[in-house]
Structure formats: structure tokens, C-alpha cells
Amino acid sequence: MYVSRIALRTLKWEGAVTTAIRISAAGREGGTAILIAVVTAPSHFKVRNAIRETYMIDAAQSGRCDVKFFIGQLAPTVENREETEAKINAETDMVRLYDFTESYHNLSSKALDIFAYAGERGYKAILKVDDDTFVRVP
């Protein structure tokens, strides 16, 4: 597996500066080669929906990439915790990571869990991005 071309450019999206990444890769037989692992926060529902309506569609049509969102456990102090849990559990493209509580200080734990998830499922490559990144999938 190789990534034949990566092009970066900066965009303005909903007031935030984001990075657009263009990827292309050879798919593997019987599945997808690349996991696009989107690091997100529990409350970022609108951002996740924007991804679902844009590059997630392109990834599905290409057949070369899977896009999954990753979050840890919610802290007990999260406002509307039960409602937030219910919404997150309804998202079929969400991967819950249960060995840490969601926080900035646990991002390294989240990255390690993402790598383990991808390895267990046989992905050839991982593109780990934040939820404010737009990925162009040709």
C-alpha cells in the first residue's frame, strides 16, 4: 500500500482554519486499505454531520477508505450526559474507546487506541485527522 499523492492546503471553514488533505491509494482485495480516523469531541455533533455530508460520501464511493469517528468515555461532569450518551450511541460510524476519559490530556491514549483498532481490523494505513480537517478523497 502506498499513498501516491498528498496535497495540503489551508481553508476557512465555519470561522476555523482547517487543512484539506487529498489522498489516493491502491485498495486491498476484499476491503479498504485506509482508515480515516477522525479524532472528535463528544459535543461536536454538527461537525461530524458536516463530515458525513462531504468527504465521508466520497470515501464510501471510492471504496478505498473507511471513515470512523473516535471518542473516549464521557466524564461524569459533562452537562446533559445521558442525552449526549444517547446521541453518540445512535451514531453508527462512532468508535467508543473505553479505557480513558475524554480530555485533551488523554489524546495520546486515544491515538494508541486508534492504531490498535486499525491493526486489529487489517487496515494497511491510517490517516488520523481532527474533526476540523477536510479530506479530499478522489
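**Burial, pairing and charge**

Biologist: Why is Lys-110 called buried?

Modeller: Lys-110 has a relative accessible area of 1%, and buried means under 20% relative accessible area, exposed over 50% and partly exposed in between, with a 1.4 Å probe and protein chains only, so Lys-110 counts as buried. Please keep in mind that this is a predicted model, in which local features need pLDDT of at least 70 and side-chain atom pairs count only at pLDDT 80 or more, while totals for chains, interfaces and linings use all residues. Residues are numbered from 1 along each chain as its sequence is written, and side-chain values use heavy atoms, with hydrogens and water left out.

Biologist: What makes the contact of Lys-110 with Glu-102 a salt bridge?

Modeller: The term asks for a side-chain nitrogen of Lys or Arg within 4 Å of a carboxyl oxygen of Asp or Glu, and the side chains of Lys-110 and Glu-102 meet at 2.7 Å, N to O. Glu-102 has a relative accessibility of 17%, so Glu-102 counts as buried.

Biologist: How many salt bridges does a search of the whole structure find, and which residues are linked in a network?

Modeller: The search finds seven, and the network of salt bridges links Arg-48, Arg-52, Glu-91 and Asp-93. Glu-91 meets Arg-48 at 2.8 Å, N to O; Glu-91 lies in the loop between α3 (81-89) and β5, whereas Arg-48 is in helix α1, 43 residues apart, and the pair therefore links distant parts of the chain. Both Glu-91 and Arg-48 are buried.

Biologist: What does the salt bridge of Asp-93 and Arg-52 tie together?

Modeller: The side chains of Asp-93 and Arg-52 meet at 2.7 Å, N to O. Asp-93 lies in the loop between α3 and β5 and Arg-52 in helix α1, so this pair ties together parts that are 41 residues apart in sequence. Asp-93 has 10% relative accessibility, so Asp-93 counts as buried.

Biologist: How many helices and strands are there, and what makes a stretch count as one?

Modeller: Both are DSSP runs numbered from the N terminus, helices being H or I with at least four residues and strands being E with at least two. On that basis the protein chain has four helices and seven strands, which run β-β-β-α-α-β-α-β-α-β-β from the N terminus on.

Biologist: How do you know that β3 and β4 are paired?

Modeller: Two strands pair if DSSP finds at least two bridges between them. Six bridges join β3 (residues 34-39) to β4 (residues 65-73), and the two run parallel; Ala-37 has Lys-68 as its bridge partner in β4, and Val-38 stands opposite Phe-69. β3 also pairs with β6 in the parallel sense over six bridges, where Leu-35 is partnered by Ile-126.

Biologist: What is the order of the strands in this sheet, and why is one side of β5 and of β6 left without a neighbour?

Modeller: The open sheet has four strands in the order β5-β4-β3-β6, with parallel pairing. β5 (94-101) and β6 (125-130) stand at the edges with a single partner strand each, so one side of each has no neighbour in the sheet.

Biologist: What makes β3 a mostly covered strand?

Modeller: Six of the six residues of β3 are buried. Ile-34, Ile-36 and Val-38 point one way, Leu-35, Ala-37 and Val-39 point the other way, and all are buried.

Biologist: How much of the protein chain is buried?

Modeller: Buried residues make up 42% of its 138 residues.
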